[in-house]
Amino acid sequence: MRIHVVDHPLVAHKLTTLRDKRTDSPTFRRLADELVTLLAYEATRDVRTEQVDIETPVTATTGVRLSHPRPLVVPILRAGLGMLDGMVRLLPTAEVGFMGMVRNEETYEAHTYATRMPDDLSGRQVYVVDPMLATGGTLVAAIRELIGRGADDVTAICLLAAPEGVEVMERELAGAPVTVVTAAVDERLNADRYIVPGLGDAGDRMYGTAGG
């Protein structure tokens, strides 16, 4: 597994405002969307392309386009939905799948309650988006599902990561074709498995506490 922390002043600036507890939900959603686009730019450096012949207004030339099968973007519900627009803005031709996952608050294990994506992901590059890599359980379960369907290149895009979660992913996904792209790796997890200093519960800060 490879982890890439995006070191860019605009990323740090937007992340600082996301961390601030005074930032309201509409502003949080907007900034998360903008930050994801910046992270996606780095995450797609190795997106697969193919050559194509075109005619400019001046002459014939050769360019590139995204190859087939098209990339698949998979947000983890519900907080991952807040990252979807930022991804498809950069990859408008990508297909979109969904994975609904819930964490047991006693065991901290993740369980899948809904999926919508192709059964066969052979040859597909997959970009899975989830705001927080905390314990690592949710992303490990999601990525195992994707690899089990044949995905041979998976990139996880997270706003924040904790060292404990990174360690779990490195251990549980050793040898798997996985890259993690994040804005920062924070200090640690607290007793409630929240990232410190973190930014709180990303889903609640995006959408409020309805159903909580």
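A salt bridge here is a side-chain nitrogen of Lys or Arg within 4 Å of a carboxyl oxygen of Asp or Glu. This is a predicted model, where local features need pLDDT of at least 70, side-chain atom pairs count only at pLDDT 80 or more, and totals for chains, interfaces and linings use all residues. Residues are numbered from 1 along each chain as its sequence is written, and side-chain values use heavy atoms, with hydrogens and water left out.

Start by selecting Arg144 and Glu172: they form a salt bridge, with the closest N and O atoms 2.7 Å apart. Arg144 sits in helix 4 (residues 137-148) and Glu172 in helix 5 (residues 163-172), so the pair ties together parts 28 residues apart in sequence; helices are DSSP runs of H or I, at least four residues, and strands are runs of E, at least two, numbered from the N terminus.

Next, select Arg89 and Asp33, whose side chains meet in a salt bridge (2.9 Å, N to O). This pair links distant parts of the chain, 56 residues apart: Arg89 is in helix 3 (residues 81-90) and Asp33 in helix 2 (residues 25-43). Buried or partly exposed? Asp33 counts as buried, at 13% relative accessibility, while Arg89 is partly exposed, at 48% (buried is under 20% relative accessible area, exposed over 50%, partly exposed in between; 1.4 Å probe, protein chains only).

Finish with Lys14, Arg30 and Glu34, which are linked in a network of salt bridges. The whole structure holds 15 salt bridges.
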